[in-house]
Amino acid sequence: MNENDQQWQAEQARVTSVVDRIAKRAGELEDEIGDVRSEAVEIRKHFWDEVTVNFSNAEDLTETYFSMKQQADLLAERERSQRHSAAYLSKLKRLMQSPYFGRIDFRAEEDAEAETIYLGIASFREDDSDTFLVYDWRAPVSSLYYDYPPGPAVYDTPGGEVKGELELKRQFVIRSGTIRYMFDTGVTIGDELLQQMLSRTSDSAMKSIVATIQREQNQIIRNDSSRMLIVQGAAGSGKTSAALQRVAYLLYKYRGVLTSDQMVLFSPNPMFNSYVSSVLPELGEENMLQTTFQEYLETRLGREFELEDSFAQLEFVLTAGQEEGYSARLEGIRYKSSTAYLELVKRYLDGLVDRGMRFRPVVFRGKPVVTAQEMVNKFYSMDSSIRLANRLILVRDWLLERVERYAASVKEEAWVEEEMQLLSAEDYQRAYSRLRKQKKGLGETFDDHEAEKEMLAEMIVSSALKQVRARIKLMRFADVKGLYRKLFEDRNAAEQAAGSHALPEQWDEIAAQTVRELEQGRLFYEDATPYLYLNERLKGFRANTNVRHIIIDEAQDYTPFQLEFLKWLFPRARMTALGDLNQAIYAQTSAMADADPLTNLYGPEQTEWIHLLRSYRSTREIVSFTRGMVPGGDKIEPFNRAGELPLVKLVGGQDELHRQIINQLQEWTAEGYESVAVICRTAEESSKAYSTLGSALSMRLVTKDTMQFERGITIIPAYLAKGVEFDAVLIYNASEQVYQHENERKLFYTACTRAMHELVLMSDGTPSRFVREQPSENYRTEG
Ligand SMILES: Nc1ncnc2c1ncn2[C@@H]1O[C@H](COP(=O)(O)OP(=O)(O)OP(=O)(O)O)[C@@H](O)[C@H]1O
């Protein structure tokens, strides 16, 4: 037996022994859980037996309360412990299959001998000792595995740095308790294992990458020092993966302090949410909160407006080129997402200190209770040093008083008398006894019929004014819609707010379009955040102080305005923004287009940038082809995994196009690819393609409302394919006719970079310039 075989045998013996111990512990835990469960069931069953229920006097009542509370606490405690044990048990079950994936032998400077450490998705300790048979991949010592090749190495602990020598680094693939692969690795986490990982066919869900985290990804995962962490990384460089492992890491490091509901992931679309939602549970952690920016806008503005979403905006940009007003809308989209416009809105708000505030009158039964002009007078009678939001609070309180006075003045109006007549005997009785209770404390008597009537009248008026008061409390009297509209109706107001900066060239048309939308009760996507900003600055920010971390994926699709907004919204959170400027497909100004606005968000001292250049998703051939399409693409390094050259298939006409697509899809299915996408330029193109292809083969059309990412064949517009990946990708029609504008370059790049193993570009006619520009040795052509 050679040395390798001996090592293999020794390691296998250890695996077997560790698995046995884990299985034993799991068995014990299962019994314990069973006991706790039956105990909880018993407590539930006999809950009322143990509780002394007695309501006869105050003392008995207290006793009853405490006895109930005691039982409830006991029950809650048992259930909590059961939940905890169940979570641990499911981790142990996972460890039984694959207890670890790495080993390091590390000799600390002061020690004579190296310590051997095995790393897995959770730690496992022998019951009655401090010996860790498996260390959690997030433990401080585990970072050695990700950060160093064999040789001198250092890791951080809460007690300070530990220096030493990494004598061995070994990787394993263990399935069902058996070692399948074992490698001793050199520089970084061995290419071999990564090759293994990446050559698998893709799943319907994202996988955790803990066994093969790369050093630069580890920096993202364990970054703890910066308030703002910005990751600019090539397509497929593992931004999303790193972000998710980072969440798991933070939950581990701050266990007991940080919980999963204090972390929010902002995703590009609902389907993406489903795609990534299994990673954390796979690592034994609960999912963080997941949302989209659109979802947030909907909750805040959805009642007031019919909101356009970012996809509808992009669909317009891509399909409405011939429509009147198109170029103005485009200019408007760009302008309204810029920092210049944010400054304009801020100056507009500053201007309201002296004049220009708009109010909606308080109206009751069609008559004004307080007119808008009265509110203006009140607002501007206050000291100008009082902040706008505080002045509005004062106006609100003043209005509530005015409504009280108003209520007193209308008690005798005829409608009150009429309503009184309409009270049913039951209503009357209820109102009467309520009044009695209310007035008792005041020592009044009820002998007088007149007094009684007056009180009933008071009650009727008060209840009729309930809605008016509620609207006032919600500050509906501040006419934010009117204020926003004024910016577009009154060029002077806009010019003043723009200060020394010029308004965009086509301002008048932009303004007309905006007003038209507002009149219809609609709001363009580019107006939603500025509008909300105006609203919040006036009415006070509804900030969320519970959230401690926000993670923004596809951050290039956010405007500087939106990121600033998120900063205000989560004042106590750290931000991790991950994006790729080369995938900034929207017409709006990208927050990542320029380093300054992002760095300035929290200031350079609190901000850190990390760049990822290695692309893991696609084969070397696909990366070599796609990176030529974007500026700076030569810096993107493909991971060394070989495949076929991308194929450009020339066809003549729709029929042939569809025939060839069907052939290709059938071929891929026969080859065993589990996830295949036909990527189109727009939703419009996708649904047309689906109407023909869908009847020939079983496939799924993805729209912006699709919630679930699934295997099989998918037809999808490029902008919805963001962030996800497929074994094989077919570009529906990569012809010059379809992709001819410079502003479609990034969309095209995003579409092509979704492919892991195969990329085929159909072209009805001459291929797009984005293809023709590539060196001919980087792709094949057929047809
Ligand atoms: N260290 C790693 N080990 C194994 N697989 C990895 C690693 N890093 C990334 N990958 C794989 O590479 C693919 C792309 O990763 P991910 O989706 O996180 O990249 P991304 O930078 O977010 O991409 P994009 O910007 O294109 O959406 C995934 O299949 C992921 O599992």
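I began with the open sheet, which has six strands in the order S10-S9-S15-S16-S8-S17 and parallel pairing. I note that the model is predicted. I then checked the edges: strand S10 (289-292) and strand S17 (607-612) stand there with a single partner strand each, so one side of each has no neighbour in the sheet.

Next I looked up the pairing of S17. Strand S8 (residues 228-233) runs parallel to S17 and is joined to it by six bridges. Within this pairing, I found His611 of S17 as the bridge partner of Gln232.

I went on to the helix at the S10 side. Helix H10 (residues 293-301) packs on the sheet and touches strand S9 (263-267) and S10. The direction of H10 makes about 80 degrees with that of S10.

From H10 I moved to helix H11 (residues 310-319). I listed Ser310, Phe311, Leu314, Phe316, Val317 and Leu318 as buried in H11. The cover over these buried residues includes H10, helix H12 (326-336) and helix H23 (525-539).

Last, I looked at the ligand. Which residues come nearest to the ligand? Of the 23 around it, they are Thr212, Gly238, Lys239, Thr240 and Ser241. Helix H5 (191-199) and helix H7 (239-253) are the elements that give two or more residues to this shell. By class I recorded seven nonpolar, eleven polar and five charged residues in the shell. Domain 2 (210-303 + 545-615) and domain 4 (637-781) both give residues to the shell, so the ligand lies between them.

Notes: Residues are numbered from 1 along each chain as its sequence is written. This is a predicted model: local features need pLDDT of at least 70, side-chain atom pairs count only at pLDDT 80 or more; totals for chains, interfaces and linings use all residues. Two strands pair if DSSP finds at least two bridges between them. Helices (H or I, at least four residues) and strands (E, at least two) are DSSP runs, numbered from the N terminus. Two residues are in contact if their C-beta atoms, placed from the backbone, lie within 7 Å. Axes are lines fitted to C-alpha atoms, for helices over the stretch in contact, and angles run from 0 to 180 degrees between N-to-C directions. A residue is buried if 20 or more other C-beta atoms lie within 10 Å of its own, exposed if 12 or fewer, and partly exposed in between; C-beta atoms are placed from the backbone. A residue is near a molecule or strand if its C-beta atom, placed from the backbone, lies within 6 Å of it. Ala, Val, Leu, Ile, Met, Phe, Trp, Tyr, Cys and Pro count as nonpolar, Asp, Glu, Lys and Arg as charged, and the others, Gly among them, as polar. Domain bounds come from an automatic or database domain assignment.
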